[in-house]
Amino acid sequence: MRSAKQALPMISALVFSGAAVVAGFPVGGSCQPSGPGTVISHVRIPAFDPGLNWFAHSVAAVGDIDGDGIIDLAVGERRADDGGIATGAVWIVFLNANGTAKATQKISNTEGGFQGGLLEWEEFGSAVAPIGDFDSDGIPDLAAGAWAASRGGFETGAIWLLFLNADGTVKSEQEISRTAGGFVPPSSGHFWFGASIAPLGDFNGDGTLDLAVGCCWSHGALWILTLNPSGTVKSQHLIDESSGGFNGVLTPNAQFGRSISALGDLDGDGVTDLAVGAIYDSDGGPERGSVWILFLNSDATVKSHQKISSTHGGFMGSLSNYENFGSGIAPLGDLNGDMIVDIAVGAMMDPDGGVARGAVWILFLNSDGTVKIHRKIGALAGGLNDPLGDYWEFGSSVAAIPDLNGDGVVDLVVGADRDSISGAVWLLLLRDNNTTPTRKMTWGGLKALQKNGLE
């Protein structure tokens, strides 16, 4: 059994083209195309457990947990067999300045101080998200989903707020499910609560962080949860195709809510807006996937929406059938200097020269949620310059991580949950459009954008 924060000096492989180095990262390379949203260099962190455990099914930049001045990661491993089959796990990955893994702490039924009592097939780690220093002890905390938890019904799902110690272990936790935490959903329907989680900041103005949580079974849905200081639910607001003001048409089994990201105030009305993935949406072809931009009202209902897919939203990228566009979503700040947030969208089954290798699409948005221009990052595009294997599912999750190499530009964490069978995390350094530093993304800028209470 791995001990807490075991050093891992050789676990991460650095792969690059070129010779120059900035803050430990290699930069340059004549083979890499230029332009905002392309890759300068990358680091790959392979799974710490052997086996088909879907390591990096979810990823998040949590904050500086161990106080060394470097942002740390949370990585979900939803099929880990710790104390039972597919109970799941979350890894805290402490980073070096060059993006390699310095140490880890596993959180599961058997490690890390977690007392949640996971049952078999709950798949803890289906989602991870930062919740800032929720308990005000000076250490960032974490939310984690278990979308197949059968608490109050078969595979209804659950999430946990994990209040962390500086070594990445769990000091205490708060469960939110049909049987705990003050969450009272309808008695039937909307399974897989905890498929995705996004921090909304103080959405209702009461001084406490609030959350959006995906519930992606069948057509799919999401919940906006306002929280009490204890982490229990104060109020809940459902958004699906018949609730919450949303009138978008979802194809059968669209899995709307498989991914969620807060975008900040995209339309300038003072209310945080959302991007929501529906990976099995069959718009333009079977299971190509889609992303919905939801412009919200202050009462957590939908004011309007914009769909991005093969046939909507100005997106001109070529999506294949069964691509699963929308498997992950992350805000990237303003990469092209137009003062509008841009996003990364995973497409984990993109063939990209093979079968299900996966890809990430960088979408430069207009303020109405349509796509101005796009770039693709994969085995054959975007400057990755590293082979992806068949069925690696690169893009199964994505998350923003602020400015790893000190150039003032937000960088990207990408999960490939079947990379070399076990899964891997990829840290990508991105180019911008040489905009002024005030338009670029830092950790503080990411906090302000997501309004996620990380101060």
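**Reading strands and a buried serine**

Mentor: In E25, Ile-377 is the bridge partner of Val-360. Keep in mind that this is a predicted model.

Trainee: How many bridges join strand E24 to strand E25, and do they run parallel or antiparallel?

Mentor: Two strands count as paired once there are at least two bridges between them. Here, six bridges join E24, residues 359–365, to E25, residues 371–377, and the two run antiparallel.

Trainee: What about the hairpin of E24 and E25: how many residues are between the strands, and which residue takes a positive phi?

Mentor: Five residues sit between the strands, and Gly-369 takes a positive phi near 90°.

Trainee: Let's move to the open sheet. What order do its strands have?

Mentor: The order is E10-E11-E12-E13, four strands with antiparallel pairing. E10 (124–130) and E13 (170–177) are the edge strands, as each pairs on one side only. On average, neighbouring strands of this sheet are turned by 25° against each other, direction ignored.

Trainee: And how many bridges join E10 to E11?

Mentor: Five bridges join E10 to E11, residues 142–146, and those strands run antiparallel. Have a look at Ala-129, which stands opposite Ala-143 in E11.

Trainee: Last one: is Ser-261 buried or exposed?

Mentor: Buried means under 20% relative accessible area. Ser-261 has a relative accessible area of 3%, so Ser-261 is buried. You'll find Ser-261 in strand E18, residues 256–264.

Trainee: Which residues is Ser-261 in contact with, leaving aside neighbours within four places in sequence?

Mentor: With those neighbours left aside, Ser-261 is in contact with Ala-198, Asp-273, Leu-274, Ala-275, Ile-329, Ala-330 and Pro-331.

Conventions
Residues numbered from 1 in each chain as written. Predicted model: local features only at pLDDT ≥ 70, side-chain atom pairs only at ≥ 80, totals over all residues. Heavy atoms only, no water. Buried < 20%, exposed > 50% of the residue type's maximum accessible area, 1.4 Å probe, protein only. Contact = heavy atoms within 4.5 Å. Axes fitted to C-alpha atoms, helices over the stretch in contact; angles between N-to-C directions.
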